[in-house]
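Let's take a friendly walk around the ligand site of this protein. Have the sequence and the structure open as you read.

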Amino acid sequence: MNFHAELLAETLLSGDFKASWSLIGSQREAGKNSLYIYTRLLTPAMRYIGDLWEQNSVSVADEHLASSVCDRLLTHYAAGREPLQSTAGKAMFLCMEQEMHFLGLKTISSYFQECGWHTRFYGPNLPLEYALIAASNWKPQVIGISVSMVYALPALSAYIEAFEALPHRPVVLLGGRLASRYRLQPHGSPSTVILPEMEDVQDWMSSYARAGGLLRSEKGLG
Ligand code: B12
């Protein structure tokens with residue numbers, strides 16, 4: 001882990017929003033882009049906090065405090081990067097029932113927004129029946145799901161199957177901690193897209209745009 005991410009972990013753990021924000025600001029001033037901020041600062045800082053928690057070096061309360069400052073940082077950062085127009089398509093993001101880890105998903109949602117997508121971020125713990133109603137009404141081309149905990153996995157196939165069966169044929173994107181640790185493809189279909197890390201998202205967006213994804217899914221061709 002790099003020095004700045006470790007420093008950020010410290011400011012997050014001490015609940016210091018101002019110091020955390022100024023660290024991010026200094027990296028922006030040094031020319032770092034959002035992908036860097038998300039994948040080289042925020043993500044490793046939070047994962048490092050998880051390691052410290054596992055080793056009993058920080059408490060559950062410390063981890064909660066760090067998560068809430070991180071959440072605030074993400075909101076603040078994304079607000080400054082909102083594009084004037086959202087023309088790339090519509091994408092909704094959710095965590096399945098019992099999944100409370102939403103910071104990764106929020107990061108991805110903000111990145112889609114910055115890349116010109118119209119996004120809806122539904123956060124943690126969304127039951128399938130309500131997610132389905134939301135998706136049927138809004139008809140996003142993309143539905144992103146984040147999985148961190150093994151005990152959320154049994155429901156994964158049901159979510160994917162239900163979304164992929166919607167008449168407007170959205171693409172289901174799957175990511176999160178478990179996507180980089182386990183083979184999740186058997187929980188989905190051959191069309192389910194698994195993107196273990198944020199770096200994979202940019203490549204996927206480019207190939208989706210090249211393939212005329214928006215047009216294809218509007219016509220219901222997939
Ligand atoms: C913060 C945190 C929490 C917070 C979550 C706050 C929040 N608002 O999200 C709270 C305190 C709620 C929490 C609770 C728990 N947690 Co927790 N938590 C973490 C921690 C420290 C950081 C997670 C995080 O925010 N990472 C930063 C984000 C940005 O990274 P990310 O999620 O990986 O996302 C990136 C990529 O995966 C990808 N991505 C993510 N989603 C998606 C989606 C799509 C579509 C795409 C394309 C890409 C993508 O892009 C992101 C950006 O780079 C991790 C440690 C770790 N190593 O992950 C433990 C960790 C995941 N938690 C753990 C545990 C055990 C728990 C609890 C069971 C603790 C308890 N006893 O209560 C509960 C379970 C709650 C639940 N039911 O889900 C364990 C899991 C271990 C295991 N064997 O499964 C971990 C690994 C800690 C540890 N080292 O042991 N936790």
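## Who surrounds the ligand

In this predicted model, the ligand is surrounded by 31 residues. R47, Q98, H101, F102 and S146 are the closest of them. By type, the shell around the ligand is made up of 15 nonpolar, eleven polar and five charged residues.

## Where the ligand sits

If you look for the largest pocket, you will find the ligand sitting in it. Domain 1 (3-79) and domain 2 (89-218) each contribute residues to the shell, so the ligand lies between the two domains.

Several elements supply at least two shell residues each: helix 3 (34-54), helix 4 (60-79), helix 5 (103-114), strand 3 (142-146) and strand 4 (171-175). Which helix gives the most to the shell? That is helix 3, with six residues.

To find H101 in the fold, go to the loop that runs between strand 1 (89-94) and helix 5. H101 is also listed among the residues closest to the ligand.

In the side chain of T43, an N or O atom is 2.8 Å from an oxygen atom of the ligand. E63 also uses its side chain: one of its polar atoms lies 3.2 Å from a ligand nitrogen atom.

With L103, the backbone is involved: a polar backbone atom of L103 is 3.3 Å from an oxygen atom of the ligand.

How values were computed. Residues are numbered from 1 along each chain as its sequence is written. This is a predicted model: local features need pLDDT of at least 70, side-chain atom pairs count only at pLDDT 80 or more; totals for chains, interfaces and linings use all residues. Side-chain values use heavy atoms; hydrogens and water are left out. A residue is near a molecule or strand if one of its heavy atoms lies within 4 Å of it. A polar contact is a pair of N or O atoms within 3.5 Å; within protein, one must be able to donate a hydrogen and the other to accept it, and residues adjacent in sequence count only if both atoms are side-chain atoms. On a 1 Å grid over the protein atoms alone, a cavity is a set of points where a 1.4 Å probe fits but cannot get out, and a pocket is an open set with protein on both sides within 12 Å along at least five of seven lines; lining residues have an atom within 4 Å of a point. A molecule sits in a cavity or pocket if more than half of its atoms lie within 2 Å of its grid points. Helices (H or I, at least four residues) and strands (E, at least two) are DSSP runs, numbered from the N terminus. Ala, Val, Leu, Ile, Met, Phe, Trp, Tyr, Cys and Pro count as nonpolar, Asp, Glu, Lys and Arg as charged, and the others, Gly among them, as polar. Domain bounds come from an automatic or database domain assignment.
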